[in-house]
Amino acid sequence: MAKADKAGAIAELANEFEGSSAAVLTEYRGLTVAQLKQLRVSLGGNAKFAVAKNTLTKIAANNAGITALDDLLQGPTAIAFVKGDVVEAAKGLRDFAKANPLLVIKGGVVDGKSMTPSEITQLADLESREVLLAKLAGALKAKQSQAAATFAALPTQMARLAEALRAKREEAGE
């Protein structure tokens, strides 16, 4: 690879690292080109799966301010650059790795924080953003309904107490 080509590749990788919310490193040894194509499709539009040389990736990551990946860059490494929902991409990688055990998740970086393979799997176990937002909205609505019922109960109880007091006085002849 010529020096100019290496500089271009490093700049492109650095731009990917800077523009991504997450980067997940995988080992792809033994996967066919067709399987890699299937993996790219399963990741969807919010992630880009790229194979790059480890030395160029290390330089690009360091240029982008990411030093947590240095230990993971050994052996054949491919990177999933995630620009959208990290959970969705993690699910795609996890599901593909279950179907194709040759794909090994090495680790990654999410919003500048280093992640182990088990933490990435835990991310994949989360529900989608839309489901979590719907659950949050339901919980907030339930709390508001409980507060409204509590506030409505106070005047109702006061009215019942006043009516009981009136009936008691009426029986006593007052």
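**Exercise 1.** Find which helix gives the most to the lining of the largest pocket in this predicted model.

*Solution.* Start with the top contributor: helix 1 supplies four residues, the most of any element in the lining of the largest pocket. Next, look for other elements: helix 1 (3-19) and strand 2 (47-51) each bring at least two residues to that lining. Now zoom in on the middle. Twelve residues line the pocket, and A9, E12, L13, V51 and A52 are the ones nearest its centre.

**Exercise 2.** Work out how much space the largest pocket holds and how its lining divides by class.

*Solution.* First the space: the largest pocket holds about 160 Å³. Then sort the lining residues: eight are nonpolar, four are charged and no polar ones turn up.

**Exercise 3.** Count the cavities of 30 Å³ or more, then say how much space lies in the largest cavity.

*Solution.* With the cut-off at 30 Å³, you end up with one cavity. As for the space inside, the largest cavity has about 30 Å³.

**Exercise 4.** Name the residues that line the largest cavity, then sort them by class and by helix.

*Solution.* Begin with the names: the lining is made of V24, V82, V86, A89, A90, V110, I120 and L123. Sorting by class is quick, with eight nonpolar residues and no polar or charged ones. For the helices, pick out helix 4 (86-99) and helix 5 (117-125), each of which gives at least two residues to the lining of the largest cavity.

Note on methods: Residues are numbered from 1 along each chain as its sequence is written. This is a predicted model: local features need pLDDT of at least 70, side-chain atom pairs count only at pLDDT 80 or more; totals for chains, interfaces and linings use all residues. Side-chain values use heavy atoms; hydrogens and water are left out. On a 1 Å grid over the protein atoms alone, a cavity is a set of points where a 1.4 Å probe fits but cannot get out, and a pocket is an open set with protein on both sides within 12 Å along at least five of seven lines; lining residues have an atom within 4 Å of a point. Grid points are joined across faces, edges and corners, and a volume is the space filled by probe spheres set on the points. Ala, Val, Leu, Ile, Met, Phe, Trp, Tyr, Cys and Pro count as nonpolar, Asp, Glu, Lys and Arg as charged, and the others, Gly among them, as polar.
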